Amino acid sequence: MSKKDQNVRSMPYSPEAEKAVLGCMLINSEAVSKALHYINSESFYDNNHSIIFSAMNNLFAESK
């Protein structure tokens, strides 16, 4: 491993936190509107979570 590779830092990532946000959004529609103020689909490290968030955002926008 080169010295340059040792200095590369990855973004902080918590799969538990991402799941908790999505879970809150599923349980409470008020949580959806609050979450939309602070995060977007790009906020998720896990692509699957990003896809779920986008789908939930679309359903919320359609009042479903």
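Ser63 lies in the segment after H4, in a predicted model where local features need pLDDT of at least 70, side-chain atom pairs count only at pLDDT 80 or more, and totals for chains, interfaces and linings use all residues. Residues are numbered from 1 along each chain as its sequence is written, and side-chain values use heavy atoms, with hydrogens and water left out. Helices (H or I, at least four residues) and strands (E, at least two) are DSSP runs, numbered from the N terminus.

**Ser63**

- The phi angle of Ser63 is near 55°, a positive value in a residue other than glycine.
- Ser63 has a relative accessible area of 67% and is therefore exposed; exposed means over 50%, buried under 20% and partly exposed in between (1.4 Å probe, protein chains only).

**Aromatic pairs**

- The whole structure holds 2 aromatic pairs; rings of Phe, Tyr and Trp (its six-membered ring) pair if their centres lie within 6.5 Å, and planes under 30 degrees apart count as stacked, over 60 as edge-to-face and the rest as tilted.
- Tyr13 and Tyr45 make a tilted pair, 4.4 Å centre to centre with 35° between the planes.
- This pair links distant parts of the chain, 32 residues apart: Tyr13 sits in the loop between helix H1 (3-6) and helix H2 (15-27), and Tyr45 in the loop between helix H3 (29-38) and helix H4 (47-61).
- Tyr13 is partly exposed at 35% relative accessibility, while Tyr45 is exposed at 56%.
- Phe44 and Phe53 also pair: their ring centres are 5.2 Å apart and their planes meet at 45°, so the pair is tilted.
- Phe44 is buried at 10% relative accessibility, and Phe53 is buried at 2%.
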